[in-house]
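I opened my notebook for a friendly walk through this model. Here is what I looked up, entry by entry.

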Amino acid sequence: GSVSPAMKKRIIPIVIVLFAVSLQAAAGDLDTDFSSDGKVRTSIGTFDTARDIAIQPDGRLVVVGQSDGNVAVGRYAVTGALDTSFSGDGMVTTDIGGNDDHATSVVLQPDGRIVVAGGSGASIDHDFLVLRYNSNGTLDTTFGEGGIAAINFGDAAQDVALDGAGRIVVVGSEAGDVALARLTANGDLDTTFGGDGLLTGDFGTPGDRANALHAPLVAARRLL
């Protein structure tokens with residue numbers, strides 16, 4: 001089930017490197033227009049990590065991961081500076097209630113909202129987790145329960161994508177099988193998908209897991 005979040009603004013340790021491809025710099029060189037040396041590091045806590053990144057149409061960077069056992073999301077300007085229009089300081093963490101809440105993947109909606117997937121729970125027992133944030137860094141309360149859809153299924157979502165109807169597809173594993181879930185745009189399980197919004201696939205080997213979705217195929221609604 002879902003747990004009401006406690007929101008805390010933090011900075012998580014992230015190293016972002018942008019590679020320049022231009023006439024002035026060889027392909028693969030660090031882009032000195034980004035944080036003067038092509039790198040930026042932002043850190044706090046004892047265990048912090050970045051897991052995925054998405055680039056907005058305006059060039060700003062959305063980074064997701066974990067900070068001290070909480071879901072962490074940050075946004076950087078094209079210069080590499082933290083974007084203070086996002087949660088006041090460029091960073092937000094969300095405590096779902098477990099001791100190992102984390103984000104593994106992010107996708108951007110056309111309207112600017114940010115969909116984050118990952119896991120919630122103890123270090124050895126997770127559930128699928130999907131959150132949606134407004135472009136200003138607040139949780140979107142029109143989604144799930146207070147911006148959060150915690151699904152008693154799977155062992156942490158590994159990837160997330162949007163289909164052509166705006167539905168949210170997440171993949172991972174469940175009891176050693178490949179696991180998929182599809183949510184409606186408002187964060188409910190989509191009962192037109194597998195009867196309850198959930199599917200598993202047993203490929204005959206222990207430890208089956210889906211790690212990624214092919215976003216163009218999902219967008220084309222090839223995943224029915």
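**Salt bridges.** I began with charged pairs and found that the structure holds ten salt bridges, taking a salt bridge as a side-chain nitrogen of Lys or Arg within 4 Å of a carboxyl oxygen of Asp or Glu. In one of them the side chains of R60 and D83 meet, at 2.8 Å from N to O. R60 sits in the loop between β6 (48-55) and β7 (61-67) and D83 in the loop between β8 (70-76) and β9 (91-95), so this pair ties together parts 23 residues apart in sequence. I noted that R60 is partly exposed at a relative accessible area of 23%, whereas D83 is buried at 9%. My cut-offs were under 20% relative accessible area for buried, over 50% for exposed and partly exposed in between, with a 1.4 Å probe and protein chains only. Looking around this pair, I saw D58, R60, R75 and D83 linked in a network of salt bridges.

**Ground rules.** Residues are numbered from 1 along each chain as its sequence is written, and side-chain values use heavy atoms, with hydrogens and water left out.

**Two further salt bridges.** R132 pairs with D140, their closest N and O atoms 2.7 Å apart, and I found both R132 and D140 buried. D190 and R182 also meet through their side chains, at 2.8 Å from N to O. D190 is buried with a relative accessible area of 5%, and R182 is buried with 2%.

**Confidence.** I checked pLDDT, the predictor's confidence in each residue from 0 to 100. The protein chain averages 81, and 73% of the residues score at least 70. Over residues 1-7 pLDDT stays under 50, and there the model has 23 contacts beyond four places in sequence, a contact being heavy atoms within 4.5 Å. I remind myself that where pLDDT is low, the predicted coordinates should not be read in detail.

**Aromatic rings.** How many aromatic pairs does the structure hold? I found one. The ring centres of F128 and F153 are 5.3 Å apart and the planes stand at 75 degrees, so the pair is edge-to-face. Rings of Phe, Tyr and Trp (its six-membered ring) pair if their centres lie within 6.5 Å, and planes under 30 degrees apart count as stacked, over 60 as edge-to-face and the rest as tilted. F128 is buried at 0% relative accessible area, and F153 counts as buried at 9%.

**Strand β7.** I counted one helix and 17 strands in the protein chain; helices (H or I, at least four residues) and strands (E, at least two) are DSSP runs, numbered from the N terminus. Seven of the seven residues of β7 are buried, so β7 is largely enclosed by the rest of the structure. L61, V63, G65 and S67 point one way from β7, and V62, V64 and Q66 the other way. β6 pairs with β7 in the antiparallel sense over seven bridges, strands being paired if DSSP finds at least two bridges between them. β7 and β8 also run antiparallel, joined by seven bridges.

**Hairpins.** β6 and β7 form a hairpin with five residues between them, where G59 has a positive phi of about 95 degrees. The hairpin of β7 and β8 has two residues between the strands, and D68 takes a positive phi near 50 degrees.

How values were computed
Predicted model: local features only at pLDDT ≥ 70, side-chain atom pairs only at ≥ 80, totals over all residues.
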